[in-house]
Amino acid sequence: MTCAFFSRLLLLSLSAAVAAVTVSGQNPAKKEPAKKAPAKPASSAAGAQLSDLPTIKFEKYTLPNGLVVILSEDHRLPLVSTNIWYHVGPANEVAGKTGFAHLFEHMMFEGSKHVPGNAHIRFLEAAGASDFNGTTDFDRTNYFETIPSNQLELALWLESDRMGYLPDKLDQASLVNQQDVVRNERRQSIENSPYGIVDEGVFHELYPKGHPYYADVMGSHADIQAAKIEDVRNFFKLYYAPNNASLAIVGDFDPADAKKLVEKYFGPLKRGAPVPKIAAVRSEERRVGKECRSRW
């Protein structure tokens with residue numbers, strides 16, 4: 001990728017914007033001047049804006065093992081959603097292990113001690129789940145499901161089993177399978193997609209090598225393929241502990257019952273070691289011009 005590529009991309013964007021303005025200005029229709037409404041006092045306008053903001057009631061507390069729990073009760077639909085965030089992403093990766101956080105997201109669907117194979121997905125589908133998946137971004141990885149309100153216990157059991165007992169079922173065959181899946185995902189969404197490598201290129205220009213945000217979330221083919229099963233176990237032990245996670249439950253549920261279920265399934269899980277903080281400092285100026293060279 002060259003600087004000329006970025007320049008052409010920017011020029012095309014500016015040209016499109018100018019064309020849109022030019023077209024919108026041709027043959028403007030004549031309109032009668034709009035009548036201005038009487039101005040409202042600034043204080044009442046500000047009050048009206050504040051009153052329009054939605055109010056979301058929630059309760060937040062922390063289990064003794066460090067798991068943060070957020071409850072938000074809403075009975076408009078007979079559904080409940082659970083969303084568990086592990087505070088780890090590519091920003092926590094080290095050189096030579098890019099893409100590891102995203103690879104591990106895939107490994108979380110490969111079965112745990114009491115939920116082998118793809119039973120996690122099958123249980124949710126059988127219970128009528130309407131939405132479930134996982135996503136990875138630079139600073140977090142999350143897993144979520146939306147299910148009928150009478151299936152909340154199932155969702156909590158499934159997530160707690162992954163948090164507490166995933167390593168019991170991790171094996172080399174599962175790792176190799178997901179390495180192939182993730183590498184194909186990189187080809188499809190980045191390398192074989194129009195302008196798919198632009199985001200990665202922008203991050204490479206914004207941050208120097210070694211910076212937590214330098215690598216793309218997907219990582220490189222070489223690093224994904226080099227991952228070992230022991231790396232997966234160590235990653236889980238450090239980052240997938242209750243004290244590095246937040247659990248949100250939103251929807252049609254009784255808070256007292258939900259607290260009992262959270263304590264039942266997550267309370268016995270042991271706190272992990274403190275997670276090391278990342279240093280993400282970017283102080284110097286960076287410019288991309290004629291003098292820049294391709295990094296690929």
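Predicted model: local features only at pLDDT ≥ 70, side-chain atom pairs only at ≥ 80, totals over all residues.
Local features are described where pLDDT is at least 70, side-chain atom pairs count only at pLDDT 80 or more, and totals for chains, interfaces and linings use all residues. Residues are numbered from 1 along each chain as its sequence is written, and side-chain values use heavy atoms, with hydrogens and water left out.

**View 1. The largest pocket and its lining.** This pocket holds about 420 Å³ of space. A pocket here is an open set of points on a 1 Å grid over the protein atoms alone, where a 1.4 Å probe fits, with protein on both sides within 12 Å along at least five of seven lines. The volume is the space filled by probe spheres set on the points, which are joined across faces, edges and corners. Look for the 22 lining residues (those with an atom within 4 Å of a point); T98, H204, G210, Y214 and A215 lie nearest the centre. By class, nine lining residues are nonpolar, seven polar and six charged. In this scheme Ala, Val, Leu, Ile, Met, Phe, Trp, Tyr, Cys and Pro are nonpolar, Asp, Glu, Lys and Arg are charged, and the others, Gly among them, are polar.

**View 2. A215 beside T98.** Find A215 in the loop between α7 (198-206) and α8 (221-226); helices are DSSP runs of H or I with at least four residues, and strands are runs of E with at least two, numbered from the N terminus. A215 counts as buried because its relative accessibility is 17% (buried means under 20% relative accessible area, exposed over 50%, partly exposed in between, with a 1.4 Å probe and protein chains only). Although A215 and T98 are 117 residues apart along the chain, their C-alpha atoms are separated by 6.6 Å. Leaving aside neighbours within four places in sequence, A215 is in contact (heavy atoms within 4.5 Å) with T98 and F138.

**View 3. N142 and its polar partners.** N142 sits in strand β5 (residues 140-148) and is buried, at 5% relative accessible area. Its side chain makes polar contacts with the side chains of N83, at 3.2 Å, and R140, at 3.1 Å. Such a contact pairs N or O atoms within 3.5 Å; within protein, one must be able to donate a hydrogen and the other to accept it, and residues adjacent in sequence count only if both atoms are side-chain atoms.

**View 4. The largest nonpolar core.** A nonpolar core is a set of buried Ala, Val, Leu, Ile, Met, Phe, Trp, Tyr and Cys residues joined through side-chain atoms within 4.5 Å.
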